[in-house]
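Subject: Handing over the two-chain model

Hi,

Here is the structure I promised to pass on to you. Please have a look at it first, and then read on for what turned up.

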Number of protein chains: 2
Amino acid sequence: MPTLATREPGGAPGAERLRALLLSAEQDWSPSAEVLLHFAARAEHVARTIAPALAAGTWVVCDRFYDSTMAYQGYGQGADRAMIATLSGLIGLRPDLTIVFDIDPAIGRARLLARDIVADRYERLDAAFHARVAAGFRVIAAAEPERCVVIDASASEQDVARQVADAIADRFALPTEAP
Amino acid sequence: MPTLATREPGGAPGAERLRALLLSAEQDWSPSAEVLLHFAARAEHVARTIAPALAAGTWVVCDRFYDSTMAYQGYGQGADRAMIATLSGLIGLRPDLTIVFDIDPAIGRARLLARDIVADRYERLDAAFHARVAAGFRVIAAAEPERCVVIDASASEQDVARQVADAIADRFALPTEAP
């Protein structure tokens, strides 16, 4: 089946420009402004990339969506969670399946370093921040078990891929196949 | 009394960066993204500039606020007006007095030209757009007569200034003085 892999913030030209503003350390945004910028990028991404793909029958796999704003800005940075929930509703699009990769933040950080990935503004925040984000994701997933699947990402890459394939097959009643 | 004159989009460093994105013709935003960008700039402006000034007892005079998003994006560009109203509520700040300068768009445009002001992305839109914006401002003002005062801006600069001074004196029960 046709599949599109995309990511947030970004995934459309205007949204990528906002990604640069959000992930660079040049600008320190107020909590509400930062939330609204993420949703502006998301609205652009949905309008230009996701909605047209879905309308064409393409499966869309997106690296992060509104749960990340709730976890990072809401639980992590203390932005107004009711406001984030309201904005999530205004987007007019709900994922059919959300996969949450759960991992000890220290292991996640070690993997970034091993892969020589330069940490962005969020990744540079402290351990307490990342613990709040991880706890937030668990709360979000527990509140919508029919949409969210939590996967233990401390396992090997092959094992994680198998868990993801199983979750997709299960959610969409597809025949299971090896990744 | 201490007074701060500021403007939107802009009025704080991050908000001015968003102003550049919004008013340049480089990027064509989807309607929802454009609305959310205006509110992101506004949230930053409120958090960094307006709220601290009000807390210090300063009167804030702002050139445009959320009514302009409703008029330009909602009435002018057809963005979701219920969404704009929701976002306006989330800002958590309501002007004590809003002055709407009503003028035939053709006269407004002639004045811009006479002052050698380079038209921004909105000012370059067509006459039908500006007619919808002007009609939108009239609807907004009529819906909240206790907050909004409509002033005939086709009069002379001196006459318009006098009307503004009268509206402020009236709203805040101040002694009237010549501008």
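How many residues of chain B are in contact with residues of chain A? There are 25 residues of chain B in contact with 25 residues of chain A, where contact means heavy atoms within 4.5 Å.

Before the rest, a word on how to read the names and values. This is a predicted model, in which local features need pLDDT of at least 70 and side-chain atom pairs count only at pLDDT 80 or more, while totals for chains, interfaces and linings use all residues. Residues are numbered from 1 along each chain as its sequence is written, chains are lettered from A and ligands numbered from 1 in the order in which they are written, and side-chain values use heavy atoms, with hydrogens and water left out.

**How the two chains sit together**

Chain B can be laid on chain A with an RMSD of 0.0 Å, by a turn of 180 degrees and a shift of 0.0 Å along the axis; the superposition is by least squares on the C-alpha atoms of residues with pLDDT of at least 70 in both copies. The two copies are therefore related as by a two-fold rotation axis. Both use the same surface, and 100% of the contact residues of chain B recur in chain A.

The area buried between chain B and chain A is about 2,000 Å², with 66% of it from carbon and sulfur atoms. Buried area here is the accessible area (1.4 Å probe) that two parts lose on being put together, summed over both. B:Arg17, B:Leu36 and B:Leu90 supply 25% of the area that chain B buries against chain A, more than any other three residues.

Between chain B and chain A the count is 2 salt bridges, a salt bridge being a side-chain nitrogen of Lys or Arg within 4 Å of a carboxyl oxygen of Asp or Glu. B:Arg48 forms a salt bridge with A:Asp28, and their closest N and O atoms are 4.0 Å apart.

**The nonpolar core**

In soluble globular proteins, nonpolar side chains tend to be buried together. A nonpolar core is a set of buried Ala, Val, Leu, Ile, Met, Phe, Trp, Tyr and Cys residues joined through side-chain atoms within 4.5 Å. Buried means under 20% relative accessible area, exposed over 50%, and partly exposed in between (1.4 Å probe, protein chains only).

The largest core here has 70 residues, and A:Leu18, A:Leu36, B:Leu18 and B:Leu36 touch the most other members. Leaving aside neighbours within four places in sequence, A:Leu36 is in contact with residues including A:Met83, A:Leu87, B:Leu36 and B:Phe39.

A:Leu18 is also one of the buried residues in helix α1 (residues 13-23) of chain A, among them A:Gly14, A:Ala15 and A:Leu22. The buried residues of α1(A) pack against β1 (3-7) and α2 (31-55) of chain A, together with α1 (13-23) and α2 of chain B. Helices (H or I, at least four residues) and strands (E, at least two) are DSSP runs, numbered from the N terminus.

**Salt bridges within a chain**

Over all chains, a search of the whole structure finds 24 salt bridges. A:Asp67 forms one with A:Arg147, the closest N and O atoms being 2.8 Å apart. This pair links distant parts of the chain, 80 residues apart: A:Asp67 is in helix α3 (residues 66-76), and A:Arg147 is in the loop between α6 (127-143) and β4 (148-152) of chain A. A:Asp67 is buried at 10% relative accessibility, and A:Arg147 is buried at 1%.

In chain B, B:Arg162 forms a salt bridge with B:Asp159, at 2.7 Å between the closest N and O atoms. Both lie in helix α7 (residues 157-171) of chain B, 3 residues apart, about one turn of the helix. B:Arg162 is partly exposed at 37% relative accessibility, as is B:Asp159 at 24%.

**Cysteines**

How many disulfides are there over all chains? The count comes to 0, a disulfide being a pair of cysteine sulfur atoms within 2.5 Å. The sulfur of A:Cys148 is 14 Å from the closest cysteine sulfur, in A:Cys62, so the two are too far apart for a bond. A:Cys148 counts as buried, at 7% relative accessibility.

Enjoy exploring it!
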